[in-house]
Amino acid sequence: MAGAVAVAAAAALAPANMLASRALKAKEKKSATPLNLCFQEGIATGATLEEKLDYMESLGITGLEVSGRGLAGRVDEIKSALKGRNIRMAAICAGFGGFILAEDEQKDKFDRTMREIVEAAGKIGSCGVIMVPAFNWQSPCRPHTMDTRNYLCEQLHELGEFAVQCGTTVILEPLNRKECFYMRLVSDAAAIARDADSKGVKVMGDFWHMQEETSDYAAFMSAGTEYLQHVHIASRGRRKMPGEDGEKDNYRDGFRALKELGYQGFVSFECGCAGDRATVLPAAVELLRKQWEEA
Ligand code: MG
């Protein structure tokens, strides 16, 4: 009888043990996730790329993001500048001509220039080329209909497959309603990426635009590790350096999601600077590291 009670007690305890071990694993994953910080090329102080990279290394920045404009002609320059450094190529920020939803020759221009950038991005080991299908102000643009959404997914599928062949991806960037009303939430972009059905179509989140989200945590979780490829960061009042807008610059909720996901990509500075760059930049880096710890 005592044995039977012991067996029953053990069975009742088993789920609790399983839950505890699952929680422990999640905690370990969270604490092991590194904060990989990245600067866009214009962020660092320094007159040349070499000087900027030296400065970035002094702050422990491990990623570089550059514009796609003229990238094909910069492959050797960037490769040799990164050689021997603890800085990797991160995302490529747009830089193409035309747009994918154009109704006129701007579509051909997009196809040609975007593919050129994607090829170069693959050569320098970039995780992807950031793009927006159409800004609100771009015209002539395909109408906002179901057919256009289907067309977008087909076109993205082709582009994504091309990117995979080049060893990289294309990354959809959700903006805000003033710039891109149909793709303003990370989940909007993630759903389009899923429907594009290509391993080469990914998404990102930009903490600046993400002020339209109801939850930073839920936004990143909606993309998950399958789609989330890059993150942009700025202060949340004026789009300056993180920390320059005081209390508004709280990234903990989003950071908590990135840590729980075990996100291995970069958090990249895309912002202006209100104060003196030489003092504001190190302070911003310190603030983000502190909030990452607290998240
Ligand atoms: Mg951005």
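The following dialogue reads several features of a predicted model.

Colleague: How many bridges join strand 3 to strand 4?

Modeller: Strand 3 (residues 88-93) and strand 4 (residues 129-131) run parallel and are joined by two bridges. Opposite Cys93 stands Ile130 in strand 4.

Colleague: Which residues coordinate the magnesium ion?

Modeller: The magnesium ion is coordinated by Glu173 (OE), Asp206 (OD), His232 (ND1) and Glu270 (OE), at 2.1 to 2.2 Å. The sequence spacing of these donor residues is E-x32-D-x25-H-x37-E. His232 lies in strand 7, whereas Glu270 lies in the loop between strand 8 (266-269) and helix 9 (277-294), so this pair ties together parts that are 38 residues apart in sequence.

Colleague: Is His232 buried or exposed?

Modeller: The term buried applies under 20% relative accessible area. His232 has 0% relative accessibility and therefore counts as buried. Glu270, at 14%, also counts as buried.

Colleague: Which elements do the buried residues of helix 7 pack against?

Modeller: Helix 7 (residues 216-227) has 12 residues and reaches 16 Å from its first C-alpha to its last, close to the 16 Å expected at 1.5 Å a residue. Its buried residues are Asp216, Ala219, Phe220, Ala223, Gly224 and Tyr227. They pack against helix 6 (186-196), strand 6 (201-206), strand 7 (228-233) and helix 8 (252-261). At the start of helix 7, a side-chain oxygen of Ser215 comes to within 3.3 Å of the backbone nitrogen of Tyr217.

Colleague: Where are Asp197 and Arg239 placed?

Modeller: Both are backbone cases to inspect by phi. Asp197, although not a glycine, has a positive phi of about 55 degrees. Asp197 sits in the loop between helix 6 and strand 6, and at 59% relative accessibility it counts as exposed. Arg239, likewise not a glycine, has a positive phi of about 60 degrees. Arg239 is in the loop between strand 7 and helix 8 and, at 24% relative accessibility, counts as partly exposed.

Colleague: Is the peptide bond from Ser139 to Pro140 cis or trans?

Modeller: Omega decides the matter. That bond is cis, with omega near 0 degrees, and Pro140 is found in the loop between strand 4 and helix 5.

Technical notes: Residues numbered from 1 in each chain as written. Predicted model: local features only at pLDDT ≥ 70, side-chain atom pairs only at ≥ 80, totals over all residues. Heavy atoms only, no water. Helix = DSSP H or I, 4+ residues; strand = E, 2+ residues; numbered from the N terminus. Expected span 1.5 Å × (residues − 1). Buried < 20%, exposed > 50% of the residue type's maximum accessible area, 1.4 Å probe, protein only. Contact = heavy atoms within 4.5 Å. Polar contact = N/O pair within 3.5 Å; in protein donor to acceptor, adjacent residues only side chain to side chain. Pairing = 2+ DSSP bridges. Donors = N, O, S within 2.8 Å, 3.2 Å for Na, K, Ca; no water.
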